[in-house]
Amino acid sequence: MSAALPLFLPEQHVTFIHTADWQLGMTRHFLRGDAQARYTAARQEAIGRIGRLADAHHAEFVLVCGDVFEDRQVSSRVIRRSLDHLRQVPCPVYLLPGNHDPMDAASIYNSRVFADNKPEHVHVLDTAGAVQVRPGVSLIAAPWTTKVPLSDLVAQQLDRLEPGDDIRILAGHGRVDVFAPQSADPSLIDVDELERAVAAGLIDYVALGDRHSTTKVGDSGRIWYSGAQEVTNYDHREAEPGQVLVVELTRGQSASDSAPAQSVTVTPHQVGEWAFRTVEHDVNGGDDIAELRRRLDAFDNKSQTVVQLALRGSVSIAERSELDMMIEEFTDRFAALTWWELRHDLVIRPDDNDFAHLQLTGFIGDAAAELSTSAAGDGEDAIAAQEALALLFRLAGGSR
């Protein structure tokens with residue numbers, strides 16, 4: 001008597017880490033002195049935090065979906081130190097070439113320093129197509145082989161797929177069409193096609209890179225940008241930076257039903273430690289300056305925080321001098337403090353009383369009077385005169 005067929009084919013399950021856009025070696029023009037070195041190190045040290053997260057969740061592998069390195073010109077120091085951090089990750093790591101580090105003739109992945117220092121458990125997804133992680137689990141890789149692809153690289157891989165029993169994770173990089181509806185870029189990823197592949201059971205999860213903020217795409221819950229492991233832009237541009245995704249996938253299939261039974265759980269986890277914050281504030285007097293101080297004081301981890309200021313309003317010369325001293329103080333306390341020039345609109349309103357108590361005479365007094373006249377006008381000359389008056393006020397001892 002033959003054995004009865006099982007009600008279900010064996011269930012497949014996998015847990016992995018989805019991350020992207022490490023851009024190791026990235027520089028930011030507003031970081032000065034040791035701040036840039038600390039930011040560079042933080043981007044590398046996040047790899048260790050990702051490894052510990054993988055260990056805590058028993059992840060089978062880490063998938064990095066493009067732009068592992070900032071460009072092919074990163075120093076050998078960046079490459080070696082990054083690979084040292086990867087050496088500590090307790091599971092296989094798969095690196096997908098993206099637009100910053102494409103798999104072309106000059107690829108960083110072909111360099112001697114990368115090849116000589118790459119740990120054995122680190123794998124470059126340098127060839128398009130399926131890569132078996134283990135029996136029952138496959139990656140479908142869509143690496144960039146040029147900085148300017150002329151087609152949807154992800155769609156090319158979908159077109160080659162046939163139904164199968166494996167859990168399939170598509171690893172891609174680039175912009176999706178729903179976020180660039182007016183673009184004629186031929187490399188845009190077609191979200192509708194992704195959703196159709198998911199619905200048909202051809203793909204269980206689409207892991208994307210290129211967008212630096214954690215973002216769910218479409219309605220299936222199976223298409224995600226992980227975002228970058230450390231912040232790269234201010235919070236009005238990157239809403240959810242510094243995260244990676246712990247992804248759990250299950251696939252089983254009834255012997256009497258061709259449709260697979262699938263489940264997915266995607267959980268973001270914070271691994272980044274830096275913050276780039278935008279502060280917009282109206283300033284029209286001393287109380288507003290005091291409130292701005294309270295806002296800046298409230299930030300934690302100032303040595304790992306960059307603040308972009310946009311102030312609007314008008315202040316007296318004395319108030320501007322007080323504001324300048326406060327900005328100087330917080331510039332020392334934060335990793336960087338910069339101006340958002342597009343939104344910054346703070347003017348000085350000259351007041352005869354500003355210099356009265358200083359009793360300026362001679363050449364300095366004449367200069368103050370001339371600058372006050374110019375500052376009352378409009379245009380770039382008036383702005384320059386206002387700045388000069390504020391500096392003269394401080395040099396003359398108007399601020400304590």
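Colleague: Which residue in β8 is the bridge partner of Leu170?

Modeller: The partner of Leu170 in β8 is Val206. This is a predicted model, in which local features need pLDDT of at least 70, side-chain atom pairs count only at pLDDT 80 or more, and totals for chains, interfaces and linings use all residues. Residues are numbered from 1 along each chain as its sequence is written, and side-chain values use heavy atoms, leaving out hydrogens and water.

Colleague: How many bridges link strand β7 and strand β8?

Modeller: Strands (E, at least two residues) and helices (H or I, at least four) are DSSP runs, numbered from the N terminus. Two strands pair if DSSP finds at least two bridges between them. Here β7 (residues 167-173) and β8 (residues 205-209) pair in the parallel sense over five bridges. Both belong to an open sheet of six strands, ordered β5-β6-β7-β8-β10-β9, with mixed pairing. Because β5 (129-134) and β9 (215-216) each have a single partner strand, they stand at the edges, with one side of each lacking a neighbour in the sheet.

Colleague: Which residues lie on each side of β2, and are they buried or exposed?

Modeller: In a regular strand the side chains alternate between the two faces of the sheet. Buried means under 20% relative accessible area, exposed over 50%, and partly exposed in between (1.4 Å probe, protein chains only). In β2, Phe61, Leu63 and Cys65 on one side and Val62 and Val64 on the other are all buried.

Colleague: To which strand do four bridges join β2?

Modeller: They join β2 to β3 (residues 93-96), in parallel. Cys65 stands opposite Leu96 in β3.
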